[in-house]
Amino acid sequence: MRTLRGIAASRGIAMGPAFQFRRTEHTVERRTVDDPATEWARTEAALERARRQLEEIQVKAAAEAGEDEAAVFEAHILMLEDPDLLATVREEIETHNVNAESALQDAVESYAGALAALDDEYLSARAADVRDVGERVLSILLGTTQSPAANLSQPSIILAHDLTPSDTVLLDKALVRGFCTAEGGATSHTAILARALGLPAVVGIGPAVLDVPDGTTLIVDGNAGTLLVDPDDPTIAACEAEAVRNSAALAGARRHAHEPAITQDGRRVEVAANVGNVELAHSALELGAEGIGLLRTEFLYLERDHLPDEEEQVRAYNAILDIFGELPVILRTLDIGGDKHLPYLQLEPEMNPFLGLRAIRLCLARPELFRPQLRAALRASPGHDLRIMFPMVATVDEVRAARTVLEDCRSELETEGHAVSDAIQVGIMVETPAAALTADLLADSVDFFSIGTNDLSQYTMAADRTNATVADLADAFQPAVLRSVAQVIEAAHSKGKWVGMCGELAGEPLAIPILLGLMLDEFSMNPPAIPLAKQIIRSLTLDEAQEVAEQALAAESPEAIRHLVRETVPAVNF
Ligand code: PEP
Ligand code: MG
């Protein structure tokens, strides 16, 4: 048995045979042709066929994964029409008399190569999209079937370098038990898809994952971030037992998902969802969410080539607010920068993007970005409990500046005759050590905090959250992170402000008793985690939770803390 480690990207444990998702390497010969006009006509026909295929995939993606996932294929269709790319192919065919396949492959490679060489994570991802589209057209020209997904015939663990959006759409989800990729971080397409499907995934494992032969028995553990290759019999038995326990526990918890989360002795906390689009908002409500604790608005800005205007944003926010009616919805203002890029903003490249002009810093520097979003949020607010939250705050001045822009937008709208709710709570994410250390000062300027442990862990531990080799450090169970969380909650409560958490830690079964004991008021998580979280909370008294929290704060390592919770809280061992 071998253990490969990566980034835990989606929770759960699954066992199954390996399926290497490998694209066929096309061998293209460069030939001289007598009739370039025919070659160009073949190219045009292949482009047209590729367009029809992509339109079909787009419809399938919209039905399965939602409009936002499907939008990627709109971008792919646009690439088929890219005038520069087409002119290069045509020129190559007509001036050098070469065959269509060769002209296309060269043009795609030089276009993708130029993008990849820009040393920008977002643009490198676009290079993969260009290659994805190029491969599609090439396989039509060569008459070969394109997707390796066609060979998947039994429920398997999918192993891949990384999966493109079209790869993931074409996979028959009934035959997928989990995903493991060599590349990719927690925000890769694979990770996002796996979470939406509720399947375990481990990403960023490295090239070793590509050497595992097809059919090898595997166990993917999306909780621990490990892939067990060829596990021995006792490990298989333990995994099977765990999978059975997991699904029985899940089914039991789902039956009570719509009941409130109240401890045995009567403390009620709110359990809300992290949501990134309309489809997830629907499933969150079905799974028992009592609100949205984090609406990631980036979905409106990514995978397109221009900013969404105010009207489009009003429609998008209304669509989500309508699903939740009068339940609270916390809209987080744009969190761009770090590993999320908008090429159309043409920002200066940065040496350390996670430490650069990210989130609220960018929004304060670019009012043309910030104001339409705030205006749209305010316009969508009447009749709802909309709350607004600023990400990546490090100073009191930033909060004051952001609130000034918000108030200015409100007066502007009122002058224009728009209705705006007058009960909008304003809060911040506490996700920098600076905010955690000055929580008492920041509390005076806000109505609430929401702790972002994904970033708080990486900044506190000085360990990049997307780097698999330091994943042990960027762990929210590290004593330094938990102590920081405890301090933030205490500081906010001493100023009479409520505190939520929307980092992944809030939905972590082993963390829930500790957070409950630390008096967290609201837990916001991926929707599939909600039923179990509520069940764990209901199994405890506040005294028990406080006892666990106290011991956890005295422990010296993440392992010790996890061990402590497993040993003392039966409800986390399902
Ligand atoms: C966080 O940092 O914990 C968080 C919830 O925000 P994101 O993961 O979107 O950076
Ligand atoms: Mg964050």
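How far does a polar side-chain atom of R358 lie from an oxygen atom of ligand 1? The distance is 3.4 Å, inside the limit for a polar contact (a pair of N or O atoms within 3.5 Å). This is a predicted model, in which local features need pLDDT of at least 70, side-chain atom pairs count only at pLDDT 80 or more, and totals for chains, interfaces and linings use all residues. Residues are numbered from 1 along each chain as its sequence is written, ligands are numbered from 1 and chains lettered from A in the order in which they are written, and side-chain values use heavy atoms, with hydrogens and water left out.

The shell around ligand 1 divides into eight charged residues (Asp, Glu, Lys and Arg), four polar and three nonpolar (Ala, Val, Leu, Ile, Met, Phe, Trp, Tyr, Cys and Pro); the others, Gly among them, count as polar. Helix α16 gives the largest share, three residues.

The magnesium ion, ligand 2, is coordinated by E431 (OE) and D455 (OD) at 2.0 to 2.1 Å. Donors are N, O and S atoms within 2.8 Å of the metal (3.2 Å for Na, K and Ca); water is not among the atoms, so sites may look incomplete. E431 sits in the loop between β14 (426-430) and α14 (433-437), and D455 in helix α16, 24 residues apart. Helices (H or I, at least four residues) and strands (E, at least two) are DSSP runs, numbered from the N terminus. Both E431 and D455 are buried, that is, under 20% relative accessible area (1.4 Å probe, protein chains only).

Terms used
A polar contact is a pair of N or O atoms within 3.5 Å; within protein, one must be able to donate a hydrogen and the other to accept it, and residues adjacent in sequence count only if both atoms are side-chain atoms. Buried means under 20% relative accessible area, exposed over 50%, partly exposed in between (1.4 Å probe, protein chains only).
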